Every structure is written in structure tokens, then in C-alpha cells.
Amino acid sequence: PMRPLSLALSVCLVFLLGCDTAALSPEPQVVVEAYLQADAPVPPVRLTRTTSVDAAYTPETAAVEGAEVVLQRLRAGGGVAQTVDYAASDSTPGLYTPASAAPVVPQATYRLRATTLQDETITATTTVPGRTTTVRTQNDTTTYPGADAPAPPQFTLTIAPGPTTANRQNVYVLTSRSLLDFQALSPDTLQRLLTPFYQDGFDAEDDTLASLRVNSSGLLNEANFTQNTDSTVTIRLPWLAVAFYGPNRIRASVVDDNYYDFLRTQTAQQQSLAPGAIPNVIEHVEGGTGIFGSYARAGATAVILPPDGAFSPGE
């Protein structure tokens with residue numbers, strides 16, 4: 001079942017693996033998936049091909065192999081400032097990894113170019129949002145509200161967003177990720193550590209605990225947050241964003257136009273689908289489909305205690 005703040009898309013957004021790229025188009029198209037994070041290393045690029053709705057999908061058969069993939073950072077006045085060549089992954093069909101390490105430059109424009117063995121050329125560009133930094137946090141350790149107790153102060157994150165070139169206010173995606181050791185802790189222990197909203201709705205037959213580890217707000221305009229006189233933005237963590245007690249990594253991401261259009265297209269159709277599987281997506285890819293987007297993010301860690309203040313992640 002779908003829940004508020006659930007991030008069914010998160011696996012596609014971060015890891016780009018295992019996403020069904022079946023589409024309604026009768027003509028197969030190349031689907032590109034890549035997400036550049038400001039100041040992080042240039043990411044892998046995944047190339048697949050759409051399939052008809054009645055065709056069986058497997059990552060192996062959908063993968064586009066043997067393509068030439070190049071990522072270029074463009075100069076503000078024209079020309080190419082840097083080129084990163086990509087090589088096919090030895091272990092994952094359709095995944096291409098950078099041949100050399102290079103950081104993603106904030107506010108820079110990048111162009112992706114992929115050429116398949118069938119001489120199809122796919123291009124896309126993105127302008128990376130400016131660097132976003134954490135300024136301060138408050139209530140880094142706080143207690144989840146009890147049913148009969150007054151609500152305690154919430155964790156807040158104050159960030160300084162960098163400039164963007166978009167003709168709109170900044171748009172954010174707020175995410176929380178549990179830092180519990182999901183490998184070491186038993187399912188019973190993890191279920192015991194669920195916060196009340198998720199505890200009440202959890203059904204072991206339909207849900208997995210791992211699927212609740214990362215939660216997202218979806219798109220949030222800057223107007224949803226507190227605007228400070230020093231141009232920083234203060235974000236108050238909603239309790240529903242926290243699925244597990246204990247340490248949680250809270251991040252606020254400023255997204256580019258490509259990412260913004262992809263997410264709002266998905267939200268409008270009320271489906272958690274991968275690139276290439278969304279009908280009538282707002283396109284920013286030439287010669288194919290998919291998403292080539294970028295974002296800048298900042299964050300901090302908060303420890304959320306149960307209402308009685310007693311937290312023990314052990315067995």
C-alpha cells in the first residue's frame with residue numbers, strides 16, 4: 001500500500017538498478033538514467049530500451065550494450081571544458097561507469113551523449129544547481145511525540161541553497177534515511193523500532209522493512225519552509241518522514257529543471273514508475289527518453305527517540 005512520504009522511487013533515483021522500463025510506445029526507444037550531484041563524483045549512466053506493455057521485461061534483455069558514452073562539461077561561453085569517457089560495466093548489463101574520476105561542478109552545464117551500435121544518438125543537458133550547505137541544526141536528539149504527551153521540539157535543518165539558473169523558486173526534495181544496521185538487526189527488532197504510523201500500517205505480507213528505510217516528501221517549493229533574513233532556509237522535519245527510531249540521515253536536495261519535470265510528471269500520474277515507464281513524460285532527452293538530471297543537497301544526522309526516551313537497537 002502507498003503511504004505519505006514513501007519513496008518508492010528512491011531505488012531508481014539513487015542506485016538506478018532493477019527499474020522496469022516498459023513503456024506504452026510501440027516503437028522501442030533508448031532510455032537514459034543519470035543523476036549528477038553537485039560536488040560528488042560523476043555518476044554511472046544506465047541505458048535500457050523500452051518494451052511493449054505485453055512483453056516480458058528483464059534487465060538483461062532491456063539493456064543497451066556496446067554503446068559509446070561521453071559526458072562533457074560545457075564552458076559558459078561555448079565549447080567543452082572537460083570530457084569524461086565511460087566504459088561498460090563488467091557486471092551489470094546496460095550500466096556505464098566513468099573511466100576517470102571527476103567531481104560534478106556546481107552551476108556547470110553538462111551534456112551527455114550516447115551512441116548505440118545501431119547508430120542511434122541520444123543527447124541531454126543539465127545545469128547543476130549551486131552548492132547547498134548545512135548552516136546549523138537544532139534538536140539533533142529529540143523524542144517522538146506520544147499519544148498523550150505534548151509534542152516535543154522537532155529537528156530542524158538550516159541550509160544555504162546555492163543559486164540556480166531556473167526561472168522559478170528553488171524546489172526541494174526532503175528525504176530521511178534510517179542509519180540502523182539492517183544487516184545485523186533481526187526483522188523482529190527492526191519492526192519493533194518502527195514509529196507508530198508505520199508500525200500500525202506495516203503488513204509483512206505486503207511490505208518489506210527495507211522499503212521503509214528511505215522516505216521522501218516529494219517536491220516542495222521553497223515557500224513551504226522558513227525564509228531567514230540571511231538568505232538561508234530552515235526546514236522542520238515532519239514526524240511522518242521518520243519510519244524508524246534511532247539515527248536518521250536527513251537531507252534536503254535542490255533539483256534542476258529536468259529532475260523537477262520528471263518528478264512532477266510522475267506525481268501528476270500518481271504512480272511510482274521508472275524513467276521510460278511514465279506516459280506523457282515531460283522530455284529533456286533528444287533521440288530517446290528518460291531522465292538526465294542534477295541536484296545539490298545538504299543534510300545532517302538526527303537521533304529520534306521513542307516516546308519513553310528508551311532506545312536500544314540490540315536484540
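This is a predicted model: local features need pLDDT of at least 70, side-chain atom pairs count only at pLDDT 80 or more; totals for chains, interfaces and linings use all residues.

1. Helices (H or I, at least four residues) and strands (E, at least two) are DSSP runs, numbered from the N terminus.

2. Residues are numbered from 1 along each chain as its sequence is written, and side-chain values use heavy atoms, with hydrogens and water left out.

3. For burial, the terms are as follows: buried means under 20% relative accessible area, exposed means over 50%, and partly exposed lies in between (1.4 Å probe, protein chains only). By this scale Q107, at 45% relative accessibility, counts as partly exposed. Strand β2, on the other hand, is mostly covered, since four of its five residues are buried.

4. A nonpolar core is a set of buried Ala, Val, Leu, Ile, Met, Phe, Trp, Tyr and Cys residues joined through side-chain atoms within 4.5 Å. The largest such core has 27 residues, and those with the most contacts inside it are V45, L47, V69, L71, Y86, Y110 and F292. Several strands supply at least two residues each to this core, among them β2 (45-49), β3 (68-74) and β17 (289-305), while β1 gives the most, with four residues. Apart from this core lies another, of 22 residues, which includes W239, A252, V254 and A300.

5. Which residues does F292 contact, leaving aside its neighbours within four places in sequence? Taking contact to mean heavy atoms within 4.5 Å, the partners of F292 include A34, L36, L71, Y110 and L112, and also D256 and N258.

6. Two strands pair if DSSP finds at least two bridges between them. β1 and β2 run antiparallel and are joined by four bridges, and here the bridge partner of V30 is R49 in β2. β2 is also joined to strand β5 (residues 95-98) by two bridges, and these strands too run antiparallel, with V45 standing opposite Y96 in β5.

7. How many salt bridges are there? If a salt bridge is a side-chain nitrogen of Lys or Arg within 4 Å of a carboxyl oxygen of Asp or Glu, the count comes to three. In one of them the side chains of D39 and R131 meet at 2.7 Å, N to O. D39 lies in the loop between β1 and β2 and R131 in the loop between β7 and β8 (133-138), so the pair ties together parts that are 92 residues apart in sequence. D39 is partly exposed at 40% relative accessibility, and R131 is partly exposed at 47%.

8. R49 forms a salt bridge with E120, their closest N and O atoms being 3.0 Å apart. This pair links distant parts of the chain, with R49 in strand β2 and E120 in the loop between β6 and β7, 71 residues apart. In the salt bridge between R264 and D261 the closest N and O atoms are 2.8 Å apart, and these two residues, being three apart in helix α5 (residues 257-268), are separated by about one helical turn. Here R264 is partly exposed, at 36%, whereas D261 counts as buried, at 8%.

9. Rings of Phe, Tyr and Trp (its six-membered ring) pair if their centres lie within 6.5 Å, and planes under 30 degrees apart count as stacked, over 60 as edge-to-face and the rest as tilted. The structure holds seven aromatic pairs. The rings of Y172 and F225 have centres 5.3 Å apart and planes at 80 degrees, so this pair is edge-to-face, and both residues are buried. Y259 and Y295 form another edge-to-face pair, 5.9 Å centre to centre with 65 degrees between the planes. Y259 lies in helix α5 and Y295 in strand β17, so the pair ties together parts that are 36 residues apart in sequence. Y35, Y259 and Y295 form one aromatic cluster.
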